[in-house]
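Visitor: I would like to learn how to read charge pairs and accessibility in a model. Could you take me through one?

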Amino acid sequence: MKIARVESFFFNPGRAKNLLFVRIETESGIYGWGEGYVTAAKEKVVAAYVDAIAPLLIGREIWNIRQLAQTLLDDFSIRRTSVDFLCALSAVEIASWDIVGKRAGLPVHKLLGGAVREKIRVYANGWWFGASSIDDTANRAAAVVAQGYDALKWDPIPGPWRNYVDPKDLDHAVENVRAVREAVGPNVELLIDGHRRLSPNHAIRLIERLREFGIAWYEEPCPPENLDLTAEVRRTTNVPIVSGEALYTKEQYLPLFEKRAADIINPDISAVGGILAMLDIAALAQPHSIAVSPHNFNSPIVGLAATVHLSALVTNFTIAELFVNLVEPTRELALQGLTIADGYVDIPETPGLGVDLDVEVLRRHPYQPLSGKGLRDHRDEFPRRGPPSTFKIAATA
């Protein structure tokens with residue numbers, strides 16, 4: 001069970017970003033799939049980390065997963081970690097568990113304690129990418145609900161990210177949420193994403209205005225570098241506050257727990273170091289009565305499968321993320337996929353992660369730069385005249 005080969009593959013779904021997969025094969029021929037979290041226009045940075053790590057893995061036993069993660073942190077990154085390194089590590093770690101599960105003849109969740117629930121509830125994201133107006137957003141929301149999803153997440157604030165926004169931008173966000181609520185009815189959970197950008201004053205004002213629409217949470221209201229800002233927002237409202245997407249280690253999560261800055265955390269299994277790291281973070285959250293809602297801006301195959309196995313194990317789990325805009329573009333890629341229906345994902349019972357990818361399809365869809373990723377210029381900055389900015393930042397989560 002020694003590692004013989006490590007390969008990375010991009011898959012271009014034609015939207016959002018290129019997806020990054022890692023395939024590890026042992027000397028006995030058993031292989032496993034992993035996925036690293038990437039962001040648009042920066043995908044190759046994570047791939048470079050994978051390529052740098054790969055030669056160091058050849059000849060190592062696949063079993064020592066936790067020790068390998070620690071060794072890469074200590075000896076490869078020399079304790080100067082970064083999210084891009086952790087995304088590469090996540091892909092390697094997840095692929096290792098896929099191999100171990102296949103070798104044992106068991107699904108990953110059974111290797112780590114067994115499922116504590118029957119299915120995994122997911123919320124829909126990505127459905128709003130490219131919406132041209134509030135009416136367009138509302139129509140798209142209704143269409144996603146018609147597919148069986150009863151929880152939707154999106155960012156209703158227009159324009160580029162900034163701490164201080166024009167009052168018209170907040171008005172636009174309120175009308176956006178109002179239109180979606182009217183389109184989907186009272187029984188759908190509306191999950192509002194703040195993308196880490198508002199000052200506490202602006203975030204508090206917006207949350208208070210959105211309360212009438214029964215929003216289920218407000219995610220990442222303030223920049224994560226200063227968790228006191230998010231804690232300030234949380235103290236002012238009974239709307240659940242989500243934070244943690246931009247935190248990547250146990251050490252980074254500790255201050256969030258100590259400051260009582262969130263009701264729910266949303267780490268990404270493909271960005272924090274993989275399955276064991278995610279379990280550690282969830283266990284740290286539990287004594288603080290903080291729930292776990294995994295972030296998952298990854299494929300609905302490998303990244304989602306790892307998230308599903310993790311969610312099956314975590315007793316303080318609440319709901320996981322699914323980017324519905326990536327389901328159809330990746331359908332031909334899955335030799336073996338997940339069963340997704342009516343807002344739930346079945347927990348795989350086949351060995352390993354329970355999914356497989358078609359390498360030939362991967363090779364037919366190599367990395368391609370995707371349009372839409374831009375940088376704002378001075379004319380987009382606050383203050384400005386006229387309606388809310390039409391500047392759009394590429395699909396990000």
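Guide: What follows is a short tour of salt bridges, accessibility and one annotated span. The model is predicted.

Visitor: Where does the idea of a salt bridge come from, and how many salt bridges are there here?

Guide: Side chains of opposite charge can pair when their charged atoms come close. In this structure the count comes to 29 salt bridges.

Visitor: Which residue does D280 meet in a salt bridge?

Guide: D280 pairs with R66, at 3.1 Å from N to O. The two sit in distant parts of the chain, 214 residues apart. D280 belongs to helix α10 (residues 275-285), and R66 to helix α2.

Visitor: Is R66 buried or partly exposed?

Guide: R66 has a relative accessible area of 46%. Partly exposed runs between the buried limit of 20% and the exposed limit of 50%, so R66 is partly exposed.

Visitor: What about the pair E245 and R196: how far apart are the closest N and O atoms?

Guide: In that salt bridge, the closest N and O atoms are 3.1 Å apart. E245 lies in the loop between β8 (241-243) and α9 (250-258). R196 lies in the loop between β6 (189-193) and α7 (200-210). The pair therefore ties together parts 49 residues apart in sequence.

Visitor: Are E245 and R196 buried or exposed?

Guide: E245 is buried, and R196 is buried as well.

Visitor: Which residue forms a salt bridge with E208?

Guide: That residue is R211, with the closest N and O atoms 3.3 Å apart. E208 has 36% relative accessibility, so it counts as partly exposed. R211 has a relative accessible area of 39%, so R211 is partly exposed too.

Visitor: Which residues are linked in a network of salt bridges?

Guide: Look at K153, D193, E219 and E321. Salt bridges link these four residues in a network.

Visitor: Now a loop residue. Where is N64 found?

Guide: N64 is in the loop between α1 (43-57) and α2 (65-76). Its relative accessibility is 42%, so N64 counts as partly exposed. N64 and S96 are 32 residues apart in sequence, and their C-alpha atoms are 9.1 Å apart in space.

Visitor: What does UniProt place at residues 134-240?

Guide: The unreviewed UniProt entry places the feature "domain: Mandelate racemase/muconate lactonizing enzyme C-terminal" there. In the model, residues 134-240 are 48% helix and 11% strand. The end C-alpha atoms of that span lie 25 Å apart.

Methods
Residues numbered from 1 in each chain as written. Predicted model: local features only at pLDDT ≥ 70, side-chain atom pairs only at ≥ 80, totals over all residues. Heavy atoms only, no water. Helix = DSSP H or I, 4+ residues; strand = E, 2+ residues; numbered from the N terminus. Buried < 20%, exposed > 50% of the residue type's maximum accessible area, 1.4 Å probe, protein only. Salt bridge = Lys/Arg side-chain N within 4 Å of Asp/Glu carboxyl O. UniProt positions renumbered as here; feature names shortened; annotations may be inferred.
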